Amino acid sequence: MRVVLLTIFFIAFMKATVLVNRFYYFPYQDINSLKVCLQKAPLLSSEGIPLENVARAIFAPTKTLKVAQKISYENINLLSKYGKIAVKLKFDRYKKGIYDYSFIIDLKELVSNLGTSKKAHQKVINLAKLFVVSLIKSAQSNFGKGKFRIWIHFLHLPSQKNLKGFKLINQNKGDWPNWPYTSSSKIYKQYIKEVLAKHCP
């Protein structure tokens, strides 16, 4: 009987999910001022590869309580409003105190839903930049400044010709010799200026 109980306990232990508290940032638009800002939100993460779960959370619907005639919940995450954006981890590694991550982001459904006009292309690029900003901000919150490097390969990225702002970097190889995004990247700071409002709360 004792052996059976130990076996059951071992199986239950092996199947147990270890959850930890993490935080991530997602973009939302203030309903009164129409400013686009980032909001910090808690995440219960099944640990394995922390930033992979954070990236998935950034693209997931994030609902807030809506109190009107009836109480309901409304999705306010701009990155989940226009179509599913798929995220896939290409690789991760840890060396000398630095976390390296490489992601593949598929924009196919988003591009299909928004259309082929110049305005639609601008919206897709801006949303992709919002993802970069959200991911770097989230990585900084979880690992600290100077403790991570991130490569991002976007699939089905529309043409950026004649669009406003700096071009979105698309790192096809997702590793060196391409330069990664970091918390001190000038291009990351430029994206912040382009897609986020000033004086966000």
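Visitor: Which residues does the disulfide join?
Guide: The disulfide joins Cys-37 to Cys-200, with an S to S distance of 2.0 Å; a disulfide here is a pair of cysteine sulfur atoms within 2.5 Å. This is a predicted model, where local features need pLDDT of at least 70 and side-chain atom pairs count only at pLDDT 80 or more, while totals for chains, interfaces and linings use all residues. Residues are numbered from 1 along each chain as its sequence is written, and side-chain values use heavy atoms, with hydrogens and water left out.

Visitor: Where do Cys-37 and Cys-200 lie?
Guide: Cys-37 lies in strand S2 (residues 36-46) and Cys-200 in the segment after H5, so the pair ties together parts 163 residues apart in sequence. Helices (H or I, at least four residues) and strands (E, at least two) are DSSP runs, numbered from the N terminus.

Visitor: And is the link of Cys-37 and Cys-200 left-handed or right-handed?
Guide: Left-handed, with -85° about the S-S bond.

Visitor: Is Cys-37 buried or exposed?
Guide: Cys-37 is buried, at 1% relative accessibility, whereas Cys-200 is partly exposed at 28%. Buried means under 20% relative accessible area, exposed over 50%, and partly exposed in between (1.4 Å probe, protein chains only).

Visitor: OK, rings now. How many aromatic pairs are there in the whole structure?
Guide: A search of the whole structure turns up 10. Rings of Phe, Tyr and Trp (its six-membered ring) pair if their centres lie within 6.5 Å; planes under 30 degrees apart count as stacked, over 60 as edge-to-face and the rest as tilted. One of the pairs is Tyr-99 with Phe-143: the centres are 4.4 Å apart and the planes at 20°, so this pair is stacked. Tyr-99 sits in strand S6 (residues 98-106) and Phe-143 in helix H4 (residues 118-143), 44 residues apart.

Visitor: Which residues make up the cluster linked by ring pairs?
Guide: Tyr-94, Tyr-99, Tyr-101, Phe-103 and Phe-143. Of these, Phe-143 is buried at 15% relative accessible area, and Tyr-99 is partly exposed at 30%.

Visitor: What about Trp-151 and Trp-176?
Guide: Their ring centres are 5.3 Å apart and the planes at 80°, so that pair is edge-to-face. Trp-151 is buried at 0%, while Trp-176 is partly exposed at 38%.

Visitor: Which ring does the charged end of Lys-137 sit over?
Guide: The ring of Tyr-25, 5.5 Å from its centre. The cut-off is NZ of Lys or CZ of Arg within 6 Å of the ring centre and within 35 degrees of the ring normal.
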